[in-house]
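This briefing covers how two protein chains meet in one model. The points below are grouped by topic.

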Amino acid sequence: MSDFLRSYLTVGIFLGVAVVLVSALLGLSSLLRPSKPTPQKSIVYESGVDPVGTGWAQSQIRYYIFALLFVVFDVEAVFIFPWATRLEAYGLFGLIEMGIFIFILFLSLVYAWRKGVLRWV
Amino acid sequence: MVAQNIFFGIIAFVMVVAALRVVTTKNIVHAALYLVIVLAGVAAQFILTGAEFVGVTQILVYIGAVVVLFLFGIMLTRARIGREVEVDNEKRWLAGLVALVLFAVMSFALVDAFEDSRIESVSGGTPQLTSEVSDAIFKDYLIPFEAASFLLLAALIGAIVVARRE
């Protein structure tokens with residue numbers, strides 16, 4: 001196993017310890033604590049007020065647009081990271097290429113702004 | 001190499017089980033959450049082959065953004081989310097056929113491109129550097145890179161046109 005993968009093995013072990021620790025603690029407490037469920041106890045906590053309807057509700061389309069905007073700029077960021085590692089080697093050419101890329105994606109933000117979908121009403 | 005194969009097997013098994021749950025679960029929100037396990041498995045496989053940047057990108061873009069988009073997409077629909085409903089329909093055999101053809105085409109492309117070459121001989125046994133990814137983007141794949149931005153622009157404009165109340 002290479003050094004690279006050995007360093008990720010640490011991440012794996014950390015993850016495993018975290019899972020074991022949490023399940024051990026929660027399992028132990030569920031074994032020790034008394035369990036007396038009542039209908040009042042099992043309703044959803046909604047800031048002290050009785051909840052109306054179910055938790056499964058249809059969401060607004062506005063959230064979808066925000067999620068899509070997030071995808072667009074997430075992908076943009078992902079392309080900027082490798083470019084940044086070789087920034088000096090590419091020089092002006094790289095700057096122009098990335099400029100075009102960012103400009104095209106910026107147009108989508110301008111479009112969203114002009115259409116008023118960024119406004120939170 | 002043996003340890004790598006063992007981890008590959010474990011991750012692949014978890015991925016296959018989660019992928020089967022994606023299509024068999026009755027709750028479509030749960031299906032999206034099982035998809036997170038599959039995509040995390042893909043990221044783990046990338047890291048196992050030394051493609052660190054691609055693995056991190058997989059987590060950042062797919063788990064961080066695309067699944068969120070899926071969840072909002074599911075929650076938008078009038079489909080009865082959350083309740084145990086019959087989500088199958090009569091077209092499932094046709095869908096199965098399409099999936100089978102897709103599997104055949106993709107596995108043929110993989111086998112055709114790499115034949116029996118091993119990962120160490122392709123990558124040289126060292127993890128791929130992010131600067132190598134960058135060189136590939138800015139030398140061989142410059143046009144697809146710029147085309148990707150157009151694709152994202154078109155997707156966003158399309159979504160805004162569909163979503164906006166006229």
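Across the interface of chain A and chain B there is one salt bridge. It joins the side chains of R86(A) and D135(B), at 2.9 Å from N to O. The model is a predicted one.

**Polar contacts and extent**
- Five residue pairs, with both residues at pLDDT 80 or more, are in polar contact between chain A and chain B.
- On the chain A side, 45 residues are in contact with 50 residues of chain B.
- The two chains bury about 4500 Å² between them, and 78% of that area is on carbon and sulfur atoms.

**The side of chain A that touches chain B**
- Of the polar pairs between chain A and chain B, the count is five.
- Three helices of chain A, α1 (3–32), α3 (61–85) and α4 (87–114), each supply at least two residues of this side.
- The helix that gives the most is α3(A), with 18 residues.
- By residue class, this side of chain A has 34 nonpolar, seven polar and four charged residues.

**Packing of α4(A) against α6(B)**
- Helix α4(A) packs with helix α6 (residues 130–139) of chain B at an angle of about 70 degrees, and their axes are 12 Å apart.
- Angles of 65 to 115 degrees count as roughly perpendicular, so α4(A) and α6(B) are roughly perpendicular to each other.
- From α4(A), the contact is made by Y90(A), F93(A), G94(A), E97(A) and M98(A).
- From α6(B), S134(B), D135(B) and F138(B) make the contact.
- The residues of this helix contact comprise four nonpolar, two polar and two charged.
- D135(B), one of the α6(B) residues in this contact, also forms the salt bridge with R86(A).

Terms used
Residues numbered from 1 in each chain as written. Chains lettered and ligands numbered in written order. Heavy atoms only, no water. Contact = heavy atoms within 4.5 Å. Buried area = accessible area lost by both parts, 1.4 Å probe. Salt bridge = Lys/Arg side-chain N within 4 Å of Asp/Glu carboxyl O. Polar contact = N/O pair within 3.5 Å; in protein donor to acceptor, adjacent residues only side chain to side chain. Helix = DSSP H or I, 4+ residues; strand = E, 2+ residues; numbered from the N terminus. Nonpolar A, V, L, I, M, F, W, Y, C, P; charged D, E, K, R; others polar. Axes fitted to C-alpha atoms, helices over the stretch in contact; angles between N-to-C directions. Parallel < 35°, antiparallel > 145°, perpendicular 65-115°, else oblique.
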